[in-house]
Amino acid sequence: MEEKELIVSCLHGNREDFKMIMDRHSAPAMAMAMNILGNRDDAEDACQEAFIQAYLNLARFDLEKSFKNWLYAILYRRCLDQLRRRRRSFVLINKVQREYPQVQAADPDPSSRASGLPSRLLQYLKPKERAVLCLWANEGYTSQEISKVLHCSSSTARVYLFQARKKIKKRLETENASM
Amino acid sequence: MPRCRMIDFLYVNLPLKMWRGFLLRRHIERCAFCQAKLAGREAVKSLMVSENNLGPRPSLWPRVKTRLVSLEEDRPKGTALSGQKRWRWVAAAVALLIVGLASFWLLKGFRPEKMGTGEEVASRFRINYLKVEDKPAQAYLYQPSESNLIIIWVEKST
């Protein structure tokens, strides 16, 4: 069954057909979320939220456009939400630790959660740059396509991509030199 | 090379995204020397999680399905809430109407000072000529004491 047909079927209330759409997209979506968040649990949460939001807003989706791009745009925003939530909880945990030093927080450092990133080098990039790199390297997206996911101009997407690639190259060279 | 250095300098020192985008389009993306400073697609890919090295596939469907079912069950409650919201709007409109009416009654007796005294108002009147049934008539102006009311009395001349 083609994707368009599946989407139309979902719009007619066949919820089970959404499972087939998810089966097609959950692995690449999960990879993208993991690259941005660096943590499997958070990535699963972000993916779950993105798929739910996509299902609830299917009526707004333009069938002439790419579903994958649309889903990635939703997922990217959910990943940013996760990062914001993580930062807020970090501030709260820090405050609790300062006021009640006897309390032992389970996870005081947000970077410890991000250390689940596939490569240490990715930690030096901003989440936006990680997203851009992931779309460019894993999905083969052009800056034009990336701009649609990030909701920015293609010129801006090009700048993010350039900066991310430059940073990675510099880090790779530094690592190689120190070896 | 000096040109590349110059463009790099301009790129770093003029942090405008549009300007940077222009430089990238015009030079950096076309120049082999500048491209050599960037990580290649394969090098980046090796650092990233991809579908192939994701590990166990996530089983998101059961969780998503449970949430979707619960959201659909909650929908009738949602309409009740929207009804409540409508009543809130009605209550707010009624309250606004009451406040408006109260203000009207309170301000009804109020006259701004600019209106002036009775004498000032009377001095504005000037009747040059009056006719009643096509005949010249007499006019009398009355102003009761402590009142702004002016009565114009017109009488047929006999």
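1. In this predicted model, chain A and chain B bury about 4100 Å² between them, 64% of it on carbon and sulfur atoms, where buried area is the accessible area (1.4 Å probe) that two parts lose on being put together, summed over both. In chain A, the residues that lose the most area to chain B are Arg15(A), Arg158(A) and Phe162(A), together 16% of what that side buries.

2. A word on conventions: the model is predicted, so local features need pLDDT of at least 70 and side-chain atom pairs count only at pLDDT 80 or more, while totals for chains, interfaces and linings use all residues. Residues are numbered from 1 along each chain as its sequence is written, chains are lettered from A and ligands numbered from 1 in the order in which they are written, and side-chain values use heavy atoms, with hydrogens and water left out.

3. Counted by contact (heavy atoms within 4.5 Å), 46 residues of chain A meet 40 residues of chain B.

4. Between chain A and chain B there are 4 salt bridges, each being a side-chain nitrogen of Lys or Arg within 4 Å of a carboxyl oxygen of Asp or Glu, and the count over all chains is 12. Side chains of opposite charge can pair when their charged atoms come close. One salt bridge links Arg63(B) and Glu44(A), at 2.9 Å from N to O. Arg63(B) lies in helix 5 (residues 61-108) of chain B and Glu44(A) in helix 3 of chain A, so this pair joins two chains; helices here are DSSP runs (H or I, at least four residues), numbered from the N terminus. Another salt bridge is formed by Lys65(B) with Glu16(A), whose closest N and O atoms are 3.2 Å apart.

5. On the side of chain A that touches chain B, helix 2 (17-37), helix 3 (40-56), helix 6 (127-137) and helix 8 (154-178) each supply at least two residues, and helix 8 gives the most, with 12 residues.

6. The model has 1 cavity of 30 Å³ or more, a cavity being a set of points, on a 1 Å grid over the protein atoms alone, where a 1.4 Å probe fits but cannot get out. About 50 Å³ of space lies in the largest cavity, a volume being the space filled by probe spheres set on the points, which are joined across faces, edges and corners. Its lining residues (an atom within 4 Å of a point) include Phe162(A), Lys166(A), Cys4(B) and Asp8(B). Helix 1 of chain B gives the largest share of that lining, 3 residues.

Technical notes: 1 Å grid on protein atoms, 1.4 Å probe; cavity = no way out; pocket = protein on both sides within 12 Å on 5 of 7 lines; lining within 4 Å.
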